[in-house]
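Try each task before you read its solution.

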Amino acid sequence: MASSALTQLALGARDLLPWAVSPVEPWYEWRGSYDATKMFGSGGTLTASAVNGTNSAWTDPNDPKGYRSFGGSGNSIDMGTQLGRPAEWTIIAAFNPGAVGTECVCGSMDAGGGSAKAWGRIDYDGTGTLKYSFGDDTLWSAGATTDAGLVVANTWVVVTLRYTTTQTVVEFWVDGVSKAVTTTATNAAESSGASRSWRIAKLGDFNRNFNGDIGQVLIWNRPLSDGERADVEGVMIAKYVG
């Protein structure tokens with residue numbers, strides 16, 4: 001049996017659980033079709049400190065392509081400071097933007113637009129250019145892909161970010177294809193003691209609300225190998241992009 005068939009077979013059995021729906025066990029997973037107020041993972045279950053807005057709706061939890069819809073105005077899942085920023089990390093997310101604007105799928109930034117504690121940002125502007133940020137408690141850095149139009153309105157996409165301490169940029173993949181990124185600018189921290197709020201459908205305490213559907217957000221507290229990354233992306237692309 002081909003490895004892809006084995007992956008799909010394993011995924012089918014594990015998909016009955018609220019977590020472990022990836023061929024590579026995540027640190028934490030947010031799954032819109034199961035219980036969008038929680039993250040499940042090896043560190044236990046995290047419950048959102050706030051679910052903002054009323055213009056959101058769960059889909060059928062049994063829908064294999066389940067997701068949660070966000071209305072773009074005050075809607076977000078606020079995990080607060082429960083997600084301590086790992087030194088290295090990988091994030092893979094599947095989403096379908098209703099409109100391509102200045103919006104955020106997930107991530108952490110604090111009031112004022114930047115923080116030394118920021119991390120895990122999947123964000124895009126009006127041209128569909130993807131953005132990221134990460135910090136080291138003293139300074140924070142931000143950058144973006146050099147390719148515009150990577151995110152298209154009303155089109156499902158799977159985006160991967162991978163960060164290691166040896167890098168000066170976050171690596172990007174869109175539907176499994178590597179994309180170039182800018183060299184980061186290092187900026188003075190907003191505040192070394194600033195709070196860190198990690199959210200789904202909003203950029204931390206910044207008002208960049210997502211308008212559209214988000215299916216899953218998977219987080220690892222380590223850099224996935226290229227093989228592991230490709231395995232997860234393959235399953236996510238087959239499920240959401242088709």
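**Exercise 1. Decide whether Y124 is buried or exposed.**

Step 1. Take the relative accessible area of Y124, which is 0%.
Step 2. Apply the cut-offs: buried is under 20%, exposed is over 50%, and partly exposed lies in between, with a 1.4 Å probe and protein chains only.
Step 3. Y124 is therefore buried.

Before going on, note the ground rules. This is a predicted model, in which local features need pLDDT of at least 70, side-chain atom pairs count only at pLDDT 80 or more, and totals for chains, interfaces and linings use all residues. Residues are numbered from 1 along each chain as its sequence is written, and side-chain values use heavy atoms, leaving out hydrogens and water.

**Exercise 2. Classify the ring pair F95 and Y124.**

Step 1. A pair of aromatic rings is described by the distance of the centres and the angle of the planes.
Step 2. Rings of Phe, Tyr and Trp (its six-membered ring) pair if their centres lie within 6.5 Å; planes under 30 degrees apart are stacked, over 60 edge-to-face, and the rest tilted.
Step 3. The centres of F95 and Y124 are 6.2 Å apart and the planes are at 10°, so this pair is stacked.
Step 4. Strands are DSSP runs of E, at least two residues, numbered from the N terminus.
Step 5. F95 has 0% relative accessibility, so F95 is buried too.

**Exercise 3. Find the surroundings of F95.**

Step 1. Skip residues up to four places away in sequence; F95 then touches, among others, V105, I122, Y124, W156, F210 and I214.
Step 2. Look for a nonpolar core: buried Ala, Val, Leu, Ile, Met, Phe, Trp, Tyr and Cys residues joined through side-chain atoms within 4.5 Å.
Step 3. The largest such core has 40 residues, and F95 is among those with the most contacts inside it, as are I122 and I214.
Step 4. A second, separate core has twelve residues, including V158, L218, W220 and M236.

**Exercise 4. Describe F134.**

Step 1. F134 lies in strand β11 (residues 130–135).
Step 2. Its relative accessible area is 7%, so F134 is buried.
Step 3. F134 belongs to one aromatic cluster with W89, W119, Y132, Y163, F172 and W198.
Step 4. F134 and V169 are 35 residues apart in sequence, yet 9.0 Å apart in space, C-alpha to C-alpha.

Note on methods
Helices (H or I, at least four residues) and strands (E, at least two) are DSSP runs, numbered from the N terminus. Contact means heavy atoms within 4.5 Å.
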